[in-house]
Amino acid sequence: MENIAWMAWTLPTAIFFVMLALTLGVMTWLGIAYPEAERVGILRIPTTRGDRLFISLVTAAVIHLLWIAFVGTDPLLTLPIGEGVEISSLWLATLISLVSAVAIFRTV
Amino acid sequence: MDKIVNQKAWFLVLPVFAVVAFSAILPLMTVVNYSMQDTFGNNQFFWNGVGWFKELLDPSTDLGGRFLASLGRNLLFSAIILAIEVPLGIVVALSMPREGWTVAVCLVILALPLLIPWNVVGTIWQIFGRPDIGLLGYALNSLGFDYNYVSNEFDAWATVIVMDVWHWTSLVALLCYAGLKSIPDAYYQAAQIDGASRWAVFKAIQLPKMNRVLLIAVLLRFMDSFMIYTEPFVVTGGGPGNSTTFVSIELVKIALGQFDLGKAAALSLVYNLIILIVCWVFYTVMTNVGTERPEKKGAA
């Protein structure tokens, strides 16, 4: 671990990247197991599942940044675990991102 | 029936992926890690969550103020050079000869600025613009203009913009010229028979045919100008004050000058996201423009 200390891994970022890698893995498997045709949605451009995933991820990043900029990250509520675990309101942005991802996959 | 998309060929990309993993993916992951932490060096990191992003997007903080100001300057710079280079490039391409030995001469002359490395371009203009020994600076001052790019913001901007126009208009012109060359003579002959004016020929034949190359030119010039670092850094060093400090210059100041890795990482991620979105939009428009898809047919 000493020689990758410069990468400064933390548990949250590791979870983030593992989930990203899993998503890409599942999408690759889907692409092989169930080949699909491009289709034209509300953006009037032909998109595949991969395109829609890309749009969803970029949208999620933008939603989170806008949320941080305009709403902030004040704690939403405190869970009564130990000394109290604060839930940041940023999770609402994550929720919105998930909803928007579903919308993008269905309509774009 | 719709065409089936088969993605298996992507496995042939694996060797490239291995190379890119070390040159781009691992560094990018590290940047993401840094953006969530603070460090005082020696590989000791302290968790900061989205703190840097909060600071970055809040104009009242030092980091946010600097980022948003440099982003605004950068967008203004890109808009100005696009507004100058694209029409100028079209005019240059239109006035180039279509055949004969002069074509080669024009192409070589146009290609010359493109062959000069960025830092050399910066050095050339830095010396060229100096009021004491530079040809441009000395001439302007002798003519009575109080030109000094080191102390006057407007002069610094003008120098950086003229330098970029000098360096890159050729690229737009060459791309447009290639687009113009692909128009068959029959179009011009038909226009002549119809008695079309010069403007009508440009609007109805030349501009539509240059559509795709123009999009490529705009994309390339926007990306390059949005990520510009070397030339303004060499000429003005981002000054006077912060007036020509573009996002990449600010980024290097924060990352290497102040060694604020967390702030710099957050800044570069947002910077990266903007570039990614713009790239994607341009790419999508480029690959879809002009490809008229027939509406979905019914039965038969």
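Predicted model: local features only at pLDDT ≥ 70, side-chain atom pairs only at ≥ 80, totals over all residues.
1. Interface between the chains. Contacts join 28 residues of chain B to 25 residues of chain A. On the chain B side, α1 (14–35), β2 (45–47), α2 (51–56) and α12 each supply at least two of the residues that touch chain A. The largest share of that side, six residues, belongs to α12(B). Sorted by class, the side of chain B that touches chain A consists of 15 nonpolar, eight polar and five charged residues.

2. Largest nonpolar core. This core holds 27 residues, and B:F53, B:L56, B:A265, B:A266 and B:L267 have the most contacts inside it. At least two residues each are supplied by α2 (49–70) of chain A and by α2, α3, α11 and α12 of chain B. Here the largest share, seven residues, comes from α12(B).

3. Surroundings of B:L56. Apart from neighbours within four places in sequence, B:L56 is in contact with B:L63, B:G64, B:F67, B:A266, B:L267 and B:V270. Two of these partners, B:A266 and B:L267, are also among the residues with the most contacts inside the largest core.

4. Second core. A separate core of twelve residues is also present, and B:I90, B:L171, B:Y177 and B:M210 are included in it.

5. Helix α11 of chain B. Within α11(B), residues 247–257, the buried positions are B:V247, B:S248, B:I249, B:E250 and B:I254. The charged residue B:E250 is therefore listed among the buried residues of this helix. Packing of these buried residues is against α3 (62–95), α10 (230–235) and α12 (261–288) of chain B.

6. Positive phi at B:F259. Most residues other than glycine have a negative phi. Just after α11(B), however, B:F259 takes a positive phi of about 55 degrees. B:F259 is located in the loop between α11 and α12 of chain B. B:F259 counts as exposed because it has 12 C-beta neighbours inside 10 Å, and the cut-off for exposed is 12 or fewer.

7. Positive phi at A:A8. In chain A, A:A8 also has a positive phi, of about 55 degrees, although it is not a glycine. A:A8 lies in the segment before α1 (11–33) of chain A. With 23 C-beta neighbours inside 10 Å, A:A8 counts as buried, whereas B:F259 counts as exposed.

Terms used. Residues numbered from 1 in each chain as written. Chains lettered and ligands numbered in written order. Buried ≥ 20, exposed ≤ 12 C-beta atoms within 10 Å, placed from the backbone. Helix = DSSP H or I, 4+ residues; strand = E, 2+ residues; numbered from the N terminus. Contact = placed C-beta atoms within 7 Å. Core = buried A, V, L, I, M, F, W, Y, C linked by C-beta atoms within 7 Å.
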